[in-house]
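Trainee: I am new to this structure. Please take me through one part of it closely.

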Amino acid sequence: GLKMVSLIFGVLSFIGIPFIIVSLKNNIVTHQEKKTPIEKKLQGMSAFRKKFNIILSAFLIAMLFQGALTSTLSSVIEHHQGQTITIFGLIVSVTLLSGLLQAARWAWEPFLGRRFGYWSDGPKGRIPIYAASLLLTGLTFGLISSKLPLLLWIAVTLFVMIGATSLTTVTDAIALDVAKTTNVVGFLTIHSISLDVGAACGPFIGYILLEMENGLSYLYWGGSAIFISLAILWFTVYLIEKKSIGKSSAANEGISG
């Protein structure tokens, strides 16, 4: 029952505390922060534009992943596969399959999230990997609502969830970069609120669309359009700021000459 499940998860969480402490002790590294030219581009944008871009992105990403996808995944499976599903000769329920898929994401997130964060610390900065993740997620997100062979559908869904890991990780990293150029506490508070509001709006919008004919298609292909629009936004930001950095470097060379 619910009481036993709660006790088990509580004990497991408690057992995890020593592992976290040991991990933190083993990973303390003293280093000097270095800003690459591409990371410095955030400082070249207007304060309002920097804040608006990341707040909007955080809100929409949380709405689609933490909200809509999490709350409607079981409905998607049931719509296309029925109440029970046979996988490799095993009969599983819709709820179990949905739970396993989402559990997989939370299982790999501490490891993949760290890897995506490491890649975004590279010389080209965070925006290229962020925009690429938005684009790839946008191209596949709508397929979740499509009638596909079960194993292919599972592969597509897992790929989208890998995109969710990348986007949530790099979104927070960019938010921290932006926070360094403004009121840290105030901006990160707004960022957290946008995530929470987005996650709350997702199920609300999702369940409204489910009541409509072809509502799943509207929800997921609409989500694809949002991700692709965000990708275009961040690619544009990257190109504009890269050009701005190029002009600044040329001006500095001219002064030096």
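In which helix is Ser98 found? Please go on from there to the core and the surface.

Mentor: Ser98 is found in helix 4, residues 94-120. Helices here are DSSP runs of H or I with at least four residues, strands are E runs of at least two, and both are numbered from the N terminus. A word on the source: this is a predicted model, where local features need pLDDT of at least 70, side-chain atom pairs count only at pLDDT 80 or more, and totals for chains, interfaces and linings use all residues. Residues are numbered from 1 along each chain as its sequence is written, and side-chain values use heavy atoms, with hydrogens and water left out.

Ser98 is buried, because its relative accessible area is 3%. Buried means under 20% relative accessible area, exposed means over 50%, and partly exposed is in between (1.4 Å probe, protein chains only). Ser98 touches Leu73, Ser74 and Ile77, leaving out residues up to four places away in sequence. Contact means heavy atoms within 4.5 Å.

Trp153 also contacts Leu73 and Ile77. Its other contacts include Val76, Leu101 and Ile144, again setting aside neighbours within four places in sequence.

Now the core. The largest nonpolar core has 52 residues. Such a core is a set of buried Ala, Val, Leu, Ile, Met, Phe, Trp, Tyr and Cys residues joined through side-chain atoms within 4.5 Å. Phe65, Leu97, Tyr130, Leu134, Ile144, Trp153 and Trp234 touch the most other members. Among the elements that give two or more residues to this core are helix 3 (47-81), strand 1 (84-87) and helix 4. Helix 6 gives the most, with 13 residues.

Step back to the whole protein. There are 8 helices and 2 strands. Along the sequence, the pattern is α-α-α-β-β-α-α-α-α-α. Of the 257 residues, 39% are buried. Among contacts with a separation of 6 or more, 79% join residues 24 or more positions apart.

Last, a loop. Asn214 lies between helix 7 and helix 8. Its phi is near 60°, a positive value in a residue other than glycine. Most residues other than glycine have a negative phi. Asn214 is partly exposed, because its relative accessible area is 49%.
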